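Work through these exercises with the structure open beside you. Each task comes with a solution in steps.

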Amino acid sequence: MGMFSIHHPLVFVFGLLGNIISCMVYLAPLPTFVRICKKKSTEGFQSTPYVMALFSAMVWLYYAVVKSGVYLIFTINAVGCLMETIYIALFFTYAPKRARIQILKLLGVLNFGGFFFILLLTHFLFKGSSRIRVLGWICVAFSVSVFAAPLSIIRQVIRTKSVEFMPFSLSFFLTLSAVMWFFYGILLMDLYITLPNTLGFLFGMVQMALYVHYKNKKKLTEEQKLPEHVVDVARLSTISSSEVHPVSSSPPNSDSESIQVQSSEDAV
């Protein structure tokens with residue numbers, strides 16, 4: 001039983017704000033895909049973050065269906081599924097043949113195989129509250145693993161004393177999103193929503209503190225540039241608080257492109 005009813009004004013306000021802020025994060029990759037459509041090429045961008053974000057939204061959407069009452073979790077993840085599907089479709093349209101094959105393999109293994117395994121497992125082996133608990137912990141495990149991703153970029157920022165690959169605006173909105181969903185989970189006494197967003201808030205605060213500390217430091221030299229796999233993993237997040245962000249496998253051509261590449265996709 002939650003601290004407040006799902007119909008309490010505070011629950012609705014925090015859930016609505018969480019939806020609005022998370023939608024802003026989901027829409028952040030639009031400039032990247034406008035560029036892809038104009039050039040009719042995916043260039044060095046990767047599809048993995050979008051596939052991961054779609055999987056996250058699918059799992060949380062299933063949780064919202066199983067646990068009645070958390071309809072604001074349902075709405076944001078429905079939006080997330082739609083947006084990520086559009087992004088993946090656009091990426092698939094303009095990607096080279098080899099990249100298309102990789103997208104299909106990843107979708108098959110994760111979004112179809114992985115999701116339906118979870119669906120069948122929780123549907124046939126667990127009933128009622130047990131099903132909600134198991135599914136909730138699956139969501140928490142996935143969210144925590146994604147929230148651990150910023151540790152790589154935090155370590156890199158400290159090592160290089162540069163925030164070139166960690167824009168403040170993105171960290172701010174992801175942290176704000178985590179705060180909204182944290183209070184939404186607290187008011188409903190839903191541990192599975194509250195726990196991952198606690199970590200999201202803490203990591204977000206650390207990133208913003210590092211940004212303030214290192215913002216006036218010199219930019220990275222070519223030798224100090226982040227390894228591609230570090231840049232990739234730093235873009236991951238969940239429906240609970242943050243989303244997945246566009247990633248390029250090649251260095252940006254300019255400062256503006258560098259910032260654009262980092263704008264993001266969790267929602268809950």
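## Exercise 1: The overall layout

Read from the N terminus, the elements of the protein chain are α-α-α-α-α-α-α-α-α-α-α. The model is a predicted one.

**Task.** State how many helices and strands the protein chain has, and what share of its residues is buried.

**Solution.** 
1. Count the elements. The protein chain has eleven helices and zero strands.
2. Turn to burial. Of the 268 residues in the protein chain, 49% are buried.

## Exercise 2: The nonpolar cores

**Task.** Find which residues touch the most other members of the largest nonpolar core. Then find which element gives the largest share of this core.

**Solution.** 
1. The largest nonpolar core has 47 residues. Phe55, Val70, Ile73, Ile88 and Tyr184 touch the most other members.
2. List the elements that give two or more residues to this core: α1 (9-27), α2 (30-39), α3 (48-66), α4 (71-94), α5 (97-125), α6 (128-147), α8 (168-188) and α9 (191-214).
3. Pick out the main contributor. α3 supplies twelve residues, the largest share of this core.
4. Look beyond this core. Another core, of eight residues, lies apart from it, with Ile154, Val157, Met166 and Phe203 among them.

## Exercise 3: One face of α2

**Task.** Name the buried residues of α2. Explain why they line one face of the helix.

**Solution.** 
1. The buried residues of α2 are Thr32, Phe33, Arg35 and Ile36.
2. Look down the axis of α2. These buried residues fall within an arc of 155 degrees, so they line one face of the helix.
3. Recall the general rule. An α-helix has 3.6 residues a turn, so residues three or four places apart point the same way.
4. Step past the helix end. Lys40 follows α2 and has a positive phi, near 55 degrees.

## Exercise 4: Aromatic pairs

**Task.** Decide whether the ring pair Phe33 and Tyr87 is stacked or edge-to-face. Do likewise for Tyr62 and Phe115.

**Solution.** 
1. Start with the total. There are 13 aromatic pairs.
2. Take Phe33 and Tyr87. Their ring centres are 4.7 Å apart and their planes are at 10 degrees, so the pair is stacked. Planes under 30 degrees apart count as stacked.
3. Phe33 is in helix α2 and Tyr87 in helix α4, 54 residues apart, so the pair links distant parts of the chain.
4. Check burial. Phe33 has a relative accessible area of 2% and is buried. Tyr87 is buried too, at 1%.
5. Take Tyr62 and Phe115. This pair is edge-to-face, at 6.1 Å centre to centre, with 75 degrees between the planes.
6. Tyr62 and Phe115 are both buried.
7. Finish with a cluster. Ring pairs link Trp60, Tyr63, Trp137 and Tyr192.

## Exercise 5: A loop residue

**Task.** Say where Thr42 lies. Is Thr42 buried or exposed? Which residues does Thr42 touch?

**Solution.** 
1. Thr42 sits in the loop between α2 and α3.
2. The relative accessible area of Thr42 is 3%, under the 20% limit, so Thr42 is buried.
3. Leave aside residues up to four places away in sequence. Thr42 then touches Ile36, Phe91, Tyr94, Ala95 and Pro96.
4. Compare sequence with space. Thr42 and Leu90 are 48 residues apart in sequence, and their C-alpha atoms are 9.1 Å apart.

Technical notes:
Residues are numbered from 1 along each chain as its sequence is written. This is a predicted model: local features need pLDDT of at least 70, side-chain atom pairs count only at pLDDT 80 or more; totals for chains, interfaces and linings use all residues. Side-chain values use heavy atoms; hydrogens and water are left out. A nonpolar core is a set of buried Ala, Val, Leu, Ile, Met, Phe, Trp, Tyr and Cys residues joined through side-chain atoms within 4.5 Å. Buried means under 20% relative accessible area, exposed over 50%, partly exposed in between (1.4 Å probe, protein chains only). Helices (H or I, at least four residues) and strands (E, at least two) are DSSP runs, numbered from the N terminus. Contact means heavy atoms within 4.5 Å. The arc is that of the directions from the helix axis to the C-beta atoms. Rings of Phe, Tyr and Trp (its six-membered ring) pair if their centres lie within 6.5 Å; planes under 30 degrees apart count as stacked, over 60 as edge-to-face and the rest as tilted.
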